[in-house]
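This report describes the fold of one protein chain, from its overall make-up to single residues. The sequence and the model come first.

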Amino acid sequence: MTAEGTSSNEKSAGQTPGAPSASSSIGPVSILTCANCGARNRIRPSNRGAPHCSVCGKPLPWVVDATDQTFPVEADAAVAVVVDLWAPWCGPCRFVSPILEELARDFAGRLKIVKVNVDENPMLAQQFDARSIPTLMVLKSGRVVDRIVGAMPKPDLTVRLTPYLLKTA
Ligand SMILES: [Zn+2]
């Protein structure tokens, strides 16, 4: 029950109406902790490259929370984006969440995790047809390229995501 075809909802998810692509100074600030030196970095969304630590220069694990309002700018990234559709009451979601944080560290610079609480963001829940959670949506250049329904152990998830992590946009 981990695969549920990709044909049902392939609408482009990462549209950014009016977002000036040349600027990286818009959007909400996320605090990203460097896995190398522990420095806390204040990072805004960017669709160019991936964030690096201001202290040691290493790529940062990129994990952010998004809402109905901030999703378009957060999902617009040059690296593979994995959207985690979750809710506080969902046990399997609590299983998946730390795995995604580990993957963000393992693949820092090549992956962005965008977490969406479906209870608080009904527009996104409807847009992604998130009837069962956890659901992971994989986006490349704003387009949905994969959809993973249900919890998956880290080795399986790594294998599933690797093709999207090799190619940088
Ligand atoms: Zn650092």
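The confidence of the predictor in each residue is given as pLDDT, on a scale from 0 to 100. In the protein chain the mean pLDDT is 87, and 83% of the residues reach 70 or more. Over residues 1-24 the pLDDT is below 50, and this stretch has 38 contacts in the model beyond near neighbours in sequence; two residues are in contact if their C-beta atoms, placed from the backbone, lie within 7 Å. Where pLDDT is low, the predicted coordinates should not be read in detail.

The model is predicted: local features need a pLDDT of at least 70, side-chain atom pairs count only at pLDDT 80 or more, and totals for chains, interfaces and linings use all residues. Residues are numbered from 1 along each chain as its sequence is written.

**Overall make-up**

The protein chain contains four helices and seven strands. Helices (H or I, at least four residues) and strands (E, at least two) are DSSP runs, numbered from the N terminus. Their order along the sequence is β-β-β-α-β-α-β-α-β-β-α. A residue is called buried if 20 or more other C-beta atoms lie within 10 Å of its own, exposed if 12 or fewer, and partly exposed in between, with C-beta atoms placed from the backbone. By this rule 38% of the 169 residues in the protein chain are buried. Among contacts with a separation of 6 or more, 66% join residues 24 or more positions apart.

**The sheet and the hairpin**

An open sheet is formed by five strands in the order β3-β5-β4-β6-β7, with mixed pairing. Strands count as paired if DSSP finds at least two bridges between them. The edges are β3 and β7, each of which pairs on one side only. On average, neighbouring strands of this sheet are turned by 20° against each other, direction ignored. Axes here are lines fitted to C-alpha atoms, for helices over the stretch in contact, and angles run from 0 to 180 degrees between N-to-C directions.

| Strand pair | Sense | Bridges |
|---|---|---|
| β3 and β5 | parallel | five bridges |
| β4 and β5 | parallel | seven bridges |
| β4 and β6 | antiparallel | five bridges |
| β1 and β2 | antiparallel | four bridges |

A66 stands opposite V116 in β5, and W86 has N117 in β5 as its bridge partner. V83 stands opposite M137 in β6. Strand β5 (residues 111-117) is mostly covered, with five of its seven residues buried.

Strands β1 (residues 30-33) and β2 (residues 40-43) form a hairpin with six residues between them, and G38 in the turn has a positive phi of about 85°. S30 is bridged to I43 in β2.

A right-handed β-α-β unit is made by β4, helix α2 (residues 91-106) and β5. A crossover is right-handed if, with the strands pointing away from the viewer, the path from the first strand over the helix to the second runs clockwise. Helix α2 lies across β3, β4 and β5 and runs at about 160° to β4.

A nonpolar core is a set of buried Ala, Val, Leu, Ile, Met, Phe, Trp, Tyr and Cys residues joined through C-beta atoms within 7 Å. The largest one has 46 residues, of which V82, V83, L85, A104 and L111 touch the most other members. Strand β4 (residues 80-86) gives the most to this core, with six residues. Leaving aside residues up to four places away in sequence, V82 touches L100, L111, I113, L136, V138 and L161.

Most residues other than glycine have a negative phi, and most peptide bonds are trans. The loop between α3 (122-127) and β6 (135-140) holds P134, and the peptide bond from I133 to P134 is cis, with omega near 5°. D129 is placed in the loop between α3 and β6 and, although not a glycine, has a positive phi of about 55°. D129 is partly exposed, with 16 other C-beta atoms within 10 Å.

S141, in the loop between β6 and β7 (143-149), has a positive phi near 50° and is likewise not a glycine. Within 10 Å of S141 there are 14 other C-beta atoms, and the residue is partly exposed.
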